[in-house]
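Please look at the chain below and follow its helices one at a time. The report after it describes how some of them are placed and what surrounds them.

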Amino acid sequence: MAERRTITGFSNPLVKFLRSLREKKHRKREERFLAEGLRLLTDARECGVLPEMLVMAIGREPHPLLDALEEAVAAAGGEIVEMDEEILAKVTGKDNPQAVAGVFAEFDTRLANLDRSAAPIWLVAQALRDPGNLGTMLRTGDAVGAGGLILIDDCADPFSVEAVRASMGAIFTQKIAIARWDEFLPWLRNGDGGNGGQLVAASLRDPTDYREAPYAAPCFLMVGNESQGLPQAYEEACDLRVTIPMLGRADSLNAAVAGAVLAYEALAHLRPGK
């Protein structure tokens with residue numbers, strides 16, 4: 001049976017624990033992260049991922065999806081906690097929190113955990129700093145049927161509340177790997193007999209128009225830091241460099257938007273029956 005308890009005071013140690021998950025150092029220490037909202041937690045449940053702890057507001061409106069979520073967590077032996085809405089707001093950092101949140105175990109983020117043959121497209125981000133962009137790239141990956149998102153060098157934390165929220169549930173459908181460049185490139189080149197995948201960079205250095213590029217599966221589409229782009233050495237190591245034409249005054253697209261444009265173009269080339 002699931003453990004069930006009610007919390008009515010801000011000073012409760014569990015409240016302190018839950019609030020600490022908003023900070024990266026505490027998430028890493030606990031190897032846990034926080035996700036908020038019935039839709040997001042329902043997406044997780046439908047992907048076969050349940051929170052270890054389900055946190056709900058006292059006096060919340062009844063909902064069949066919430067009933068199903070509570071039943072699933074209870075059957076799995078998870079913990080169910082109820083608290084005042086004001087306390088839940090402190091936990092989530094939002095003045096108007098949704099009525100439910102969950103504590104999940106962080107996923108395995110090792111490169112070795114990825115099966116590159118599982119999908120024709122993979123997204124790669126280097127030094128991506130905005131958690132909103134990171135979450136958007138996860139959503140894009142889900143939309144195009146990508147295998148997942150590989151984060152290179154010093155990126156935003158994919159398990160931050162902001163990134164999880166921006167992913168709109170895609171954090172539960174997409175594999176995530178975290179690596180340094182000098183770890184990622186050998187992994188890519190040494191896979192499957194030395195033919196581990198095609199690395200494609202969004203670049204302005206001797207590029208091909210993204211609509212005319214010869215994409216090949218598995219295709220790893222890489223975008224760089226929001227302000228600096230990719231380091232030159234990284235671009236030179238790619239199999240293909242592509243550019244998206246800018247017809248107005250802007251000289252570049254948002255990193256996550258550029259990744260989405262490239263992902264859909266690659267999908268058009270790589271999907272069966274093309």
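At what angle do helix α1 and helix α5 pack, and how far apart are their axes? This is a predicted model, in which local features need pLDDT of at least 70 and side-chain atom pairs count only at pLDDT 80 or more, while totals for chains, interfaces and linings use all residues. Residues are numbered from 1 along each chain as its sequence is written, and side-chain values use heavy atoms, with hydrogens and water left out.

Helix α1 (residues 13-20) packs against helix α5 (residues 85-92) at an angle of about 35°, and their axes are 7 Å apart. Here axes are lines fitted to C-alpha atoms, for helices over the stretch in contact, and angles run from 0 to 180 degrees between N-to-C directions; helices themselves are DSSP runs (H or I, at least four residues) and strands are runs of E (at least two), numbered from the N terminus. On the α1 side V15, L18 and R19 meet I87, K90 and V91 of α5, where contact means heavy atoms within 4.5 Å.

In α4, the residues L66, L69, E70 and V73 are buried. They lie on the same side of α4, because they cover an arc of only 95° around the axis, the arc being that of the directions from the helix axis to the C-beta atoms. Buried means under 20% relative accessible area, exposed over 50%, and partly exposed in between (1.4 Å probe, protein chains only). The face of α4 turned away from the buried side carries P64, E71 and A75, which are exposed, whereas the cover over its buried residues includes β1 (3-7), α3 (38-46) and β3 (53-57).

Helix α10 is mostly covered, with twelve of its 16 residues buried, and among the elements that cover them are β6 (121-126), α6 (131-144) and β11 (219-223). At its N-terminal end α10 is capped by N254, which has a side-chain oxygen 2.8 Å from the backbone nitrogen of A256.

Strand β11 holds L221, a buried residue with a relative accessible area of 2%. Leaving aside neighbours within four places in sequence, the contacts of L221 include L262, A263 and A266, as well as I121. Although L221 and I121 are 100 residues apart along the chain, their C-alpha atoms are separated by 7.4 Å.

Definitions and conventions: A polar contact is a pair of N or O atoms within 3.5 Å; within protein, one must be able to donate a hydrogen and the other to accept it, and residues adjacent in sequence count only if both atoms are side-chain atoms.
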